[in-house]
Amino acid sequence: DRRPKRRCKSLGRLHLAVGMRDDPGLDTAKIAASLQAGYGLDVAAAHYLPIGYDLDAAVYEAVAARGERYFLKVRFGPVSEPGLEVARALVDGGIDRVLAPLRTRSGGLWWPLEGSAGYTIVLYPFIEGENAMVNGMSEEQWRAFGTTLRAVHDSGLGERFRGRVSVEDFALPSAALVREMLALTTDTAFESRAAARFAAFWREQAARIDGMLARAEGLGAQLQRKTFDLVLCHADIHAANVMVGDDDRIHLIDWDGPKIAPRERDLLFVIGSRIARPVEAREEAWFFGGYGPVGIDPDALVYYRYERIIEDIGEIGKSVILDFTLSEGARSAAVDLAMELFVPSGDIDRAETIAFDRWPHRPT
């Protein structure tokens, strides 16, 4: 199924429900010509790869005439240049477990796709392997993940990119979308059975959703009055964005939305996380064995958990109610995912549960 061109910065529970993107049918001869013009790369073949959750892009394996393999992302619109530049700056600064784009012959990090107005291509080294959501990570890999993320946070690049990437303001940006969905489900009749089921469920949960919004906005207001050490964050570093190579090396991938924020913005995906793949207590300890001791603000962590949930339910609601390109089956699967968040001991119930006593870090 196809959705309108947009990117949900959350894990993409909905993306997992509706499936991988279909082959967009791009002309591989034009891809090869663009790689030759932009990168001086003589391409023998380009194969579509049905992977990834970014519905604004398609990915390919490009094979050069001499056998070298590359990972190619074709974006259906402009690229996020700061994201590309952040990844490149991290690698150039010596953090080699980050996957960064290769430079074009003119020194840029992207190139227009020939014959496709507005489309762009970005070329990366090819990593043979699988993401950590699928394969998990060993103790050594978890420690390497911790060491690498600490190096990102300590890189000092936040100041370099200030003004080019967003800075945390604890304003709960998805709250408006969720309130819009609440209003629509209150007094709208839906032809789609899935949308009608979603609306009925949301009417039942309206008080709980209102309470969650109020709690998150209250936390945001408190956090706005605090002083944090703001660092460069990946901002979406769940297990699906950690690539585990067949050589056992890990790489942090998908830098489309870096953010200058408290480090809790990234540690959200480790401390008691259930995003993409539940993180076990021993894995968390392995991570902090690499990351090192650090103070954690529990209010910031709880705020980010609520922010994530609110973003997810808002995007799911928007897709179920307003995306007429989704099949009824995909809509129904998305409704099931939204409902899972509300089950007893689910993500909402666990949002404020932080077992600090089990790991080598303490609240500030």
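Colleague: Why is Gly115 called exposed?

Modeller: Exposed is the word for a residue with over 50% relative accessible area, while buried means under 20% and partly exposed lies in between, all with a 1.4 Å probe and protein chains only. Gly115 has a relative accessible area of 62%, so this residue counts as exposed. The glycine lies in the loop between β4 (111-112) and β5. This is a predicted model, in which local features need pLDDT of at least 70 and side-chain atom pairs count only at pLDDT 80 or more, whereas totals for chains, interfaces and linings use all residues. Residues are numbered from 1 along each chain as its sequence is written, and side-chain values use heavy atoms, with hydrogens and water left out.

Colleague: How do you know that Asp248 counts as exposed?

Modeller: The relative accessibility of Asp248 is 54%, and therefore Asp248 belongs with the exposed residues. Asp248 is found in the loop between β9 (242-245) and β10 (250-252), and its phi is near 75°, a positive value in a residue other than glycine. Ser345 can be set beside it, with a positive phi near 65° in a residue that is likewise not glycine, in the loop between α12 (328-340) and β13 (362-363).

Colleague: What makes β5 largely enclosed by the rest of the structure?

Modeller: Strands are DSSP runs of E with at least two residues, helices are runs of H or I with at least four, and both are numbered from the N terminus. In β5, 5 of the 6 residues are buried, so the strand is largely enclosed by the rest of the structure. Strand β3 (residues 69-75) is also mostly covered, with 6 of its 7 residues buried.

Colleague: How do you know that β3 and β5 pair?

Modeller: Two strands pair if DSSP finds at least two bridges between them. Between β3 and β5 there are 6 bridges, in the antiparallel sense; Phe71 has Tyr124 of β5 as its bridge partner, and Leu72 stands opposite Leu123 of β5. On β3 there is also pairing with strand β2 (residues 57-64), antiparallel over 7 bridges, where Glu61 stands opposite Phe71. The hairpin of β2 and β3 has 4 residues between the strands, and Gly67 there takes a positive phi near 100°. As for β4, 2 bridges join this strand to β5 in an antiparallel run, and the bridge partner of Pro112 in β5 is Thr120.

Colleague: What makes β7 and β8 stand at the edges?

Modeller: The open sheet in question has 3 strands in the order β7-β11-β8, with mixed pairing. Because β7 (166-167) and β8 each have a single partner strand, one side of each is left without a neighbour in the sheet, and so they stand at the edges. The pairing of β7 with strand β11 (residues 259-262) is parallel over 2 bridges, and Ser166 has Lys259 of β11 as its bridge partner.

Colleague: How do you know that the span of helix α3 agrees with its number of residues?

Modeller: The expected span is 1.5 Å times one less than the number of residues. For the 12 residues of α3 (residues 81-92) this should give 16 Å, and the end C-alpha atoms are 16 Å apart, so the two agree. Among the buried residues of α3 are Pro82, Leu84 and Val86, and what covers the buried residues of this helix, by contact (heavy atoms within 4.5 Å), includes β5 (120-125), α5 (139-153), α6 (157-161) and β8 (230-233). Just after α3, Gly94 takes a positive phi of about 105°.

Colleague: Why is a space inside called a cavity?

Modeller: On a 1 Å grid over the protein atoms alone, a cavity is a set of points where a 1.4 Å probe fits but cannot get out, and its lining residues have an atom within 4 Å of a point.

Colleague: Which strands supply residues of the lining of the second largest cavity?

Modeller: Both β3 and β5 supply at least two residues each. The lining of this second largest cavity, whose volume is about 60 Å³, includes Lys73, Leu84, Val122 and Tyr124.

How values were computed
On a 1 Å grid over the protein atoms alone, a cavity is a set of points where a 1.4 Å probe fits but cannot get out, and a pocket is an open set with protein on both sides within 12 Å along at least five of seven lines; lining residues have an atom within 4 Å of a point. Grid points are joined across faces, edges and corners, and a volume is the space filled by probe spheres set on the points.
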